[in-house]
2 protein chains.
Amino acid sequence: MTNIRDVAHAAGVSVATVSRVLHTPEKVSEQVRETVLKAVKDTNYQPNMMARRLRTKKAHAVMVIVSHLTNPFYATVISGIQSVAQQRGYTVLLGESGGDPEVEDQYAAFASSKQVDGVIQLGERLPSSLKPLVEREHPFPFVNACEFWDPTTYPTVGIDNRKSFADVTRYVLDHGHRIIAHIKGPDDNPVTHHRVEGYKEALINAGLTPDPDLIVDGDFSIEAGSRAAAHLLSLASPPTAIVSANDEMAIGVIRTIKESGQSVPSDISVAGFDDIHFAKYTDPPLTTVSQPAADIGGQAAALLFDAIDNKLISNRTIRIPTNLVVRDSVKAI
Amino acid sequence: MTNIRDVAHAAGVSVATVSRVLHTPEKVSEQVRETVLKAVKDTNYQPNMMARRLRTKKAHAVMVIVSHLTNPFYATVISGIQSVAQQRGYTVLLGESGGDPEVEDQYAAFASSKQVDGVIQLGERLPSSLKPLVEREHPFPFVNACEFWDPTTYPTVGIDNRKSFADVTRYVLDHGHRIIAHIKGPDDNPVTHHRVEGYKEALINAGLTPDPDLIVDGDFSIEAGSRAAAHLLSLASPPTAIVSANDEMAIGVIRTIKESGQSVPSDISVAGFDDIHFAKYTDPPLTTVSQPAADIGGQAAALLFDAIDNKLISNRTIRIPTNLVVRDSVKAI
DNA sequence: TTTGGTAGTGTAAACGTTTACATTGGCGCG
DNA sequence: CGCGCCAATGTAAACGTTTACACTACCAAA
């Protein structure tokens, strides 16, 4: 592997000049610049990043900590991160924690020891070992994406769950439904509450009072959707529409409704949230809300790079608009 | 950030001793070792990886190049890679190419310039800039996972597509079917051919001759499955079973069959391949073949680390067994 | 002619490690 | 006692950059 000294020798200049040609070409005369550039080509010189990093104390890398890479939504977010990171000449390091706080801590420690210039956390909590770093005077560059545990304290990028869920609920209301049930996500997930709020808000704005009996527990799984639907169908006055906190539960809902001999959307309308890949292929195709996952990732990365470059404490929160994607699972009453 | 010199000073020893305590503790007296360890704790010392890497010329990192991170299968493979990498103290760098050979080349160049110790490629081709590196005398550590473009030349980890597809086809044959159609993947994908071969092999072993009219084109999409099914249903003597090269096409098939008024599996049996998340939730639940994706990743990583450590040119090919997962979409005739 | 400024280039220190080699002192053995 | 060996430790070079500072020409202004 040829080094900068070889190039300098080949070009008949000092190493400093070579380095300058590469970084601040305007500071070296045109003539010399060309000679050096030629020497670089000739020697097939590739700068040693390790040395560069050691010297400049910049890793030119960011780490993303994620609980489950296999979650398609997270995967898409990371894809967005990667895309803008690549544009900016940054490398993305992957830290998959499996949801284990200990592993998350491990990654955080790794990150904090100057191995990367910043961290994007996709998970639901701030790794405890990162806490002191991001809260100190000159915080370690950090942004939280997707989940909103504390948007006031930490830079956060994600959708407005409350508003988005109010949107889809309003869409259902606009189709004349008045008895609308909601299937919640798990209680320990911050988005669950925001979506419930959005649901209630839409009802209230339409002059209705939310009925606690129509808000039923779920855990984002298909099975939970089925169970919840079975429960709702058994009610004295069952809902004419069900808005689910995510698509998978909605799929479970549809299945259970069908199994009960009723039809979607003729008898009961169903709406989901997330617009997962298969939402398009359910029967009927699912009306849902799509989160611009790649965009979230891209903006999170951009925010992080801002923090890295300007070193300004950007406590900004970016809310990315969602799209209601109308398919066939909601019908006017 | 405290460095090794600070620790040495705190412990009243030389930097060399500190380094030795950290790497070859058996070479330093118990007494000194303890003093140093205490100093490390006291000063909250975190070794600077950049310096270490510069000095040792080891990046302790591997790169995985993948076309689409959003492909759930790839995501799972990467999850497997990450898991064993973490165990071994390696970092995983992500390179998502979007299928663009130019971007792949870019990553390969990055990798080759000593930034990482090895590369795992999940995509369908060897990045051209990597070619000279992996084919030279002391090859750059490299393993190909998932796709088999050239298992004889490069270390490769993946399933035996031919055998696995023969398995599922045989399963269908064992249920008495004799007119069995196959929906292919795209022709430019290496696995397509292996699966077609497996299909044919099973038929031949059962004493049948494959009928070219029953092998129809597809591209792994749900829509392609629908189209292919429509075509097959219009045949003079339509198949009693359809084995699809992947699950998504199988889903399209099921839908089209239902739309034609027939039923799965009573009228026509359907089998898929991949065992994607939603295979469990189709109606009827899809009989398919599951690829142990995480395992593939893990083994690929292990293979890569072998190559890195032993520096032996391990041209081995690892075939990971698949599981036929029997659900309800195939029924005895 | 002197002075001072400037553009271009070189010299060498520094980044934080690892490790070959040198040094020290203790001990066994002839 | 003298020799050699060994274990434990220290010294300093090296890894490949970047960059502060020094230096050299050259030129303009006084």
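Let me begin with the surface near DNA strand C, whose residues divide into 14 nonpolar, 8 polar and 6 charged. Please keep in mind throughout that this is a predicted model. Of the 28 residues around DNA strand C, the ones that come nearest are A:Ala16, B:Ile4, B:Ala16, B:Ser19 and B:Asn48.

Now let us turn to how the two chains meet. Here 28 residues of chain B are in contact with 28 residues of chain A. On the side of chain B that touches chain A, the elements giving two or more residues are α4, α5 (72-87), β2 (91-96) and α6 (101-115), and α5(B) gives the most, with 6 residues. By class, that side of chain B has 16 nonpolar, 9 polar and 3 charged residues. Strand β2 (residues 91-96) of chain A also pairs with β2(B) in the antiparallel sense, over 3 bridges, and A:Leu93 stands opposite B:Leu93 there.

Finally, a look inside chain A. Helix α5 (residues 72-87) and helix α12 (residues 293-310) of chain A pack with their axes 7 Å apart and at an angle of about 45 degrees, which means that α5(A) is oblique to α12(A). The crossing in which α5(A) passes α12(A) is right-handed, and the residues of this contact divide into 12 nonpolar, 6 polar and 1 charged. Among those that meet are A:Phe73 and A:Val77 in α5(A), and A:Ala293 and A:Asp295 in α12(A).

Terms used:
Residues numbered from 1 in each chain as written. Chains lettered and ligands numbered in written order. Predicted model: local features only at pLDDT ≥ 70, side-chain atom pairs only at ≥ 80, totals over all residues. Near = placed C-beta within 6 Å. Nonpolar A, V, L, I, M, F, W, Y, C, P; charged D, E, K, R; others polar. Axes fitted to C-alpha atoms, helices over the stretch in contact; angles between N-to-C directions. Helix = DSSP H or I, 4+ residues; strand = E, 2+ residues; numbered from the N terminus. Parallel < 35°, antiparallel > 145°, perpendicular 65-115°, else oblique. Left-handed = near helix turned anticlockwise from the far one by under 90°. Contact = placed C-beta atoms within 7 Å. Pairing = 2+ DSSP bridges.
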